[in-house]
Amino acid sequence: MNIFETLNIFIAGLISGIILYQSFIVASSVFKSLKLEYSRVLLRSIFPKFFLVILLLGITGLFVSIKNQYNFYSMIVFIMTSIFSLICYAIIPKTNEASDENNQTKFKLLHSLSVILTMIVLIINISIIFD
């Protein structure tokens, strides 16, 4: 295993760890500990940064994969990671708007899309370990 393969695994592990920590520790703790109006403010501050960090790590992983003699599987994973996190970041304003307007149908659709894309990113990044 060369340094680039090790770095790919590290980046994928970092992305996976961030997603798990944010989803299962931070978000659930915020909802349990804070009133809705405060949790809303905090999460609206955290989630854009969350998706931007994943995007930057995905782009970094892509460059490392290219440097790793074009490791095709890792390249695909990091391209998908970057695209999906960019989509999630881009829909945040519309998701927030739907929540503010109490448009539950639109909110559920956008939130579900964000959750599904994030879970796909988690699964594909974990899969790098087995490549």
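**Close-up 1. The largest pocket and the residues around its centre.** Of the 28 residues lining this pocket, Phe31, Leu43, Phe47, Phe107 and His111 lie nearest its centre. Helix H1 (3–33), H2, H3 and H4 each give two or more residues to the lining, and H2 has the largest share, with nine. (Helices here are DSSP runs of H or I, at least four residues, numbered from the N terminus.) The pocket holds about 690 Å³ of space. On a 1 Å grid over the protein atoms alone, a pocket is an open set of points with protein on both sides within 12 Å along at least five of seven lines, and lining residues have an atom within 4 Å of a point. This is a predicted model, where local features need pLDDT of at least 70 and side-chain atom pairs count only at pLDDT 80 or more, while totals for chains, interfaces and linings use all residues. Residues are numbered from 1 along each chain as its sequence is written, and side-chain values use heavy atoms, with hydrogens and water left out.

**Close-up 2. The largest cavity.** A cavity is a set of grid points where a 1.4 Å probe fits but cannot get out. Searching the whole structure turns up one cavity of 30 Å³ or more, and the largest cavity has a volume of about 40 Å³. Among its lining residues are Ile19, Phe51, Phe84 and Val121.

**Close-up 3. Ile83 on helix H3.** Ile83 sits in H3, which covers residues 72–100. Is Ile83 buried, exposed or partly exposed? Its relative accessibility is 44%, so Ile83 counts as partly exposed (between the buried limit, under 20%, and the exposed one, over 50%, with a 1.4 Å probe and protein chains only).

Note on methods: Grid points are joined across faces, edges and corners, and a volume is the space filled by probe spheres set on the points.
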